Amino acid sequence: GLAAYNGVLVPLSFPPVTYKVLKHGLQAVQFDDLRELHPSIHRTLTLLKSAEGAELVESLCYSFEVAQPTTGVLVELEAGGADIPVTPENREKFAERYARMLLVDSVHAALMSFCRGARFCLGVDKPAFELCTEEDLELLICGTRELGDFRDLEAVAGYVNGYDASHPVVRVFWKVVHRFPENLKRRLLQFASGSDRVPIYGFFPVRLFPP
């Protein structure tokens, strides 16, 4: 939040559901938000929800006790979950609670701390915040994935020690830069601005050289 307030991009790799919670709160979290964070688990639970036949569901031997993917720690999705088998009747509830545990419960303290700080700095009581989508918030905090035209970066560059835009060394530098593949352009942008993403406003806030 403080980074966004000061116009500084930060290389965060939060899943999209983080920005959904930042914008709309925990009530906005849905089962399908699991797809990007844990695609294999989402696929398995989707197949479980659509499986035909009680024998197939019960043969999986699932219960309302599951392991966290990162730590392996067993977590009960409800009291006494280890003794509650997953059946055709309760599989929808199992899938929803499993997704909720992964997306919210397992990271609740850290997620809420992030959202409180970000909302304070972004000014959630201001009209502009209401106009933003969760995608807009990600762009504001992290910048856009699209590199855009590096001629715009050249246009806002400043020079010192007798150099200017017409100096032969500067002209050769930009000629080489414009021929860079994307990965090298991103490395240059990372070196110059601290992030390999372009600000939401374009290259204008980026200072490649001090004035």
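Predicted model: local features only at pLDDT ≥ 70, side-chain atom pairs only at ≥ 80, totals over all residues.
Helices are DSSP runs (H or I, at least four residues), numbered from the N terminus, and strands are runs of E of at least two. Residues are numbered from 1 along each chain as its sequence is written. Local features need pLDDT of at least 70, side-chain atom pairs count only at pLDDT 80 or more, totals for chains, interfaces and linings use all residues, and side-chain values use heavy atoms, with hydrogens and water left out.

Where the two helices touch (contact means heavy atoms within 4.5 Å), Ile41, Leu45, Leu48, Lys49 and Ser50 of helix 4 meet a set from helix 6 that includes Arg91, Glu92, Phe94 and Glu96.

A salt bridge (a side-chain nitrogen of Lys or Arg within 4 Å of a carboxyl oxygen of Asp or Glu) joins Lys49 to Glu92, with the closest N and O atoms 3.8 Å apart. This pair links distant parts of the chain, 43 residues apart. Lys49 also bridges to Glu96 at 3.7 Å, N to O; Lys49 lies in helix 4 and Glu96 in helix 6, so this pair ties together parts that are 47 residues apart in sequence. As for cover, buried means under 20% relative accessible area, exposed over 50%, and partly exposed in between (1.4 Å probe, protein chains only). By that scale Lys49 is partly exposed at 22%, as are Glu92 at 43% and Glu96 at 35%.

Arg91, in helix 6 (residues 91–103), is another story. Arg91 is buried but has no salt bridge, and the nearest side chain of opposite charge, Glu92, is 5.9 Å away (Lys and Arg count as positive, Asp and Glu as negative; His and the chain ends are not counted). Beyond neighbours within four places in sequence, the contacts of Arg91 include Leu48, Lys49 and Val57.

Zooming out, the protein has 12 helices and 2 strands, and 36% of its 211 residues are buried. Helix 2 (residues 16–24) is mostly covered, with 7 of its 9 residues buried. The whole structure holds 8 salt bridges, one of them between Glu182 and Arg186 (3.0 Å, N to O).
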